[in-house]
Amino acid sequence: MKKILSLAVSAVSAVTLLTSFSSSAAETSSYCPKLYFKASKTDGIHPQSNKRVYINSNDIKSKGGNITFDIASYVGDSRKQLCMMIALWDSTDKYIKLTDLADPQTGDNKRAYTVSPGLISYDGDNTMSATYSSGLSGNPFTLNGKDSDSYPFAVFKATIPTDIPIGLHPIKFYTTDAPLVTESKTMKTDFAFYDNIGNKPTQKDAEALNIAVSDRALGDIDNDNRYSADDASMILREFTMLSSNKPSSFSEAQMIAADVDGDGYLSASDASYVLCYFAYLAGYSTKNIYEFYGY
Ligand SMILES: [Ca+2]
Ligand SMILES: [Ca+2]
């Protein structure tokens, strides 16, 4: 632990140096690397995208106890200019417990960069951090793969109770426009995310991962345990209402089940996803909607 802490401390000193002589460059660039999470598929846990994991509470309720699944943290740095990164993320949702923070570099698994990270898990705060630094040279990191996000920069586990309630349960990166939420975390406010031009991410650069829990199968809006044109037309009707600023007619469970393409929004695309699956069911069909869409 001592070694990890000293890594973090030297990383912070390096950040101070880097930002002091590169602040003018930051003003002329709007480029910022992107942070995101990816969850692994587990029984009853359906990752739809980097933003969203779908759970039908009825599929997991009977298991009892808790379910643990793997999540990996990634950084997309298309310009390959990162030389310093302190990423912090947490869940303030009481139904999510983050544990087992680890370096992805084990056995056949690789991490994003060749340099070793400093990893700290603040268990009491359900908060984690990963620090990468190329030292005072300021040279960009050497990649282990073709791109910065060919491999994760950290891996961890999330545990949820099988009676987790309907709703969106987020895991979030800290960003400049979504700072810390509890007094005990204030000390960590200064830790953020830096590249060699001193940028820090805003929410648009760092996507939260929502554990989206409903009480029905994805896309089964009327909850009759089958897919029909009704499900698609309900989504379209709701989309039309919301587009014209009319009040929602959906329950929270319906709203969560309606994001079938998993992009975090309700749109006509979600209705077409239901129709497409409905058409598939008319033929020789054995896959459920999660298998059909690879969730
Ligand atoms: Ca239905
Ligand atoms: Ca959608």
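What percentage of the 295 residues of the chain count as buried? The share is 38%, where buried means 20 or more other C-beta atoms within 10 Å of the residue's own, C-beta atoms being placed from the backbone. This is a predicted model, in which local features need pLDDT of at least 70, side-chain atom pairs count only at pLDDT 80 or more, and totals for chains, interfaces and linings use all residues. Residues are numbered from 1 along each chain as its sequence is written, while chains are lettered from A and ligands numbered from 1 in the order in which they are written.

**Overall make-up**
- The chain has 6 helices and 11 strands, taken as DSSP runs (helices H or I, at least four residues; strands E, at least two) numbered from the N terminus.
- Among contacts with a separation of 6 or more, 78% join residues 24 or more positions apart; a contact requires C-beta atoms, placed from the backbone, within 7 Å.

**Helix pair α3 and α5**
- Helices α3 (residues 229-243) and α5 (residues 268-282) pack at about 175°, their axes 8 Å apart; axes are lines fitted to C-alpha atoms over the stretch in contact, and angles run from 0 to 180 degrees between N-to-C directions.
- Helix α3 is therefore roughly antiparallel to α5 (angles over 145 degrees).
- Residues making the contact include Ile235, Leu236 and Phe239 of α3 and Val274, Leu275 and Phe278 of α5.

**Asparagine 126**
- Asparagine 126 sits in the loop between β7 (118-122) and β8 (127-133).
- It counts as partly exposed because it has 19 C-beta neighbours inside 10 Å, falling between exposed (12 or fewer) and buried (20 or more).
- Beyond neighbours within four places in sequence, asparagine 126 contacts Asp90, Ser91, Lys97 and Leu98.

Methods:
Contact = placed C-beta atoms within 7 Å. Parallel < 35°, antiparallel > 145°, perpendicular 65-115°, else oblique.
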